[in-house]
Structure formats: C-alpha cells, structure tokens
Amino acid sequence: MGAAYFYHLTRRPLEEALPQLLERALAQGWRVAVRGTDPARIDWLDQKLWLGPEERFLPHGKAGGPHDALQPVLLTTSHEAPNAAACVMAVDGARVSPEETAALERVCILFDGNDSAAVEAARDQWRTLTGAGCAAQYWSEASGRWEKKAEA
C-alpha cells in the first residue's frame, strides 16, 4: 500500500520545488505522472522543466504524445497514466483517490501555502485519504528545508 506525502510550499514556488521532488522519485526508479487541473498550467510546467539547468535535465513529456508510455515523467490533467507511473505528483488542487493511493508506491500532493484555497483543498484531501486508511505524511519547508511535521 502506498502513502500520500503532502508538501506545503511556503518558501519556493512549484516550479522550483517540483524538480527536486521529481529527481528523488526518479532516483527510486519510479516513473512519475505530474497531475494538474489546467492544460495551460501543464504547458507552463513543461516549459519550466525544459528551462532547468542542463546538468539536472529531467526527461519528461506532456500526455497526448506518441511516446507517453516511454516517459519517465508525464505531465497530464488526466487520471490515466500511460507511462505506468509508480508515483503521482498532484499539483494545483488535482485530486487523488484513496484507491489510487493504495495502488501506487507514492502520492505527492504539492500545495501553495500562500493560497488559502489551496491549503483548504490539501486539508480536505488529507481528511479523505487518512479517513480511508491511507498512510500520510505532512512535510513543511518553513525552516528552509523539508521537515516531516505530521504522520497518520
């Protein structure tokens, strides 16, 4: 059974925090689906990942291409993961079900701590997942580095 890790972004924006978490997931040997809610925002994330430092390039693609199944990191707005993702990173309020969490190695829910609606959506997702028996951890970067603050 997988676990949900909640990442409360307070010091860095998504486009800076996401690559670090993707590198960690890829180092585990996992394929990743980055799930968003808005196709335009997925396009924006795609551009940000392409513009990262060359020595830290993250191989990725957007869903809907001919090579989705081969992508180590697939950016999508769908609940489908044609790249056989072991990890889903949900951004911008994208939802993950308890059943999906149980079937994956890891679910990461990244949310903007400066957006009260995003914080409330993450709290609701925490209640839904832990209420269904999923293991969950809450991570904060308030100190300048990721620290685990809660576990259920």
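Trainee: Which residue follows α4, and what is its phi near?

Mentor: Gly 133 follows α4, and its phi is positive, near 95°. This is a predicted model, where local features need pLDDT of at least 70 and side-chain atom pairs count only at pLDDT 80 or more, while totals for chains, interfaces and linings use all residues. Residues are numbered from 1 along each chain as its sequence is written, and side-chain values use heavy atoms, leaving out hydrogens and water.

Trainee: How do you know that the span of α4 agrees with what a helix should have?

Mentor: The expected span is 1.5 Å times one less than the number of residues. For the 16 residues of α4 (116-131) that gives 22 Å, and the end C-alpha atoms are 22 Å apart, so the two agree.

Trainee: Which residues of α4 are called buried, and what makes them so?

Mentor: Buried means under 20% relative accessible area, exposed over 50%, and partly exposed in between (1.4 Å probe, protein chains only). Ala 118, Val 119, Ala 122, Gln 125 and Leu 129 are the buried ones. They sit on the same side of α4, because they cover an arc of only 120° around the axis, taken from the directions from the helix axis to the C-beta atoms. The face turned away carries the exposed Ser 116, Ala 117 and Gly 131.

Trainee: What makes Asp 115 a cap on α4?

Mentor: A polar contact is a pair of N or O atoms within 3.5 Å; within protein, one must be able to donate a hydrogen and the other to accept it, and residues adjacent in sequence count only if both atoms are side-chain atoms. A side-chain oxygen of Asp 115 lies 3.0 Å from the backbone nitrogen of Ala 117, capping the N-terminal end of α4.

Trainee: Why are β3 and β8 called edge strands?

Mentor: Two strands pair if DSSP finds at least two bridges between them. The open sheet has eight strands, ordered β3-β4-β2-β5-β6-β1-β7-β8, with mixed pairing. β3 (61-62) and β8 (147-151) each pair on one side only, hence the edges.

Trainee: How do you know that β1 and β7 pair?

Mentor: Six bridges join β1 to β7 (residues 135-140), and these strands run parallel. Tyr 7 stands opposite Trp 139 in β7.

Methods. Helix = DSSP H or I, 4+ residues; strand = E, 2+ residues; numbered from the N terminus.
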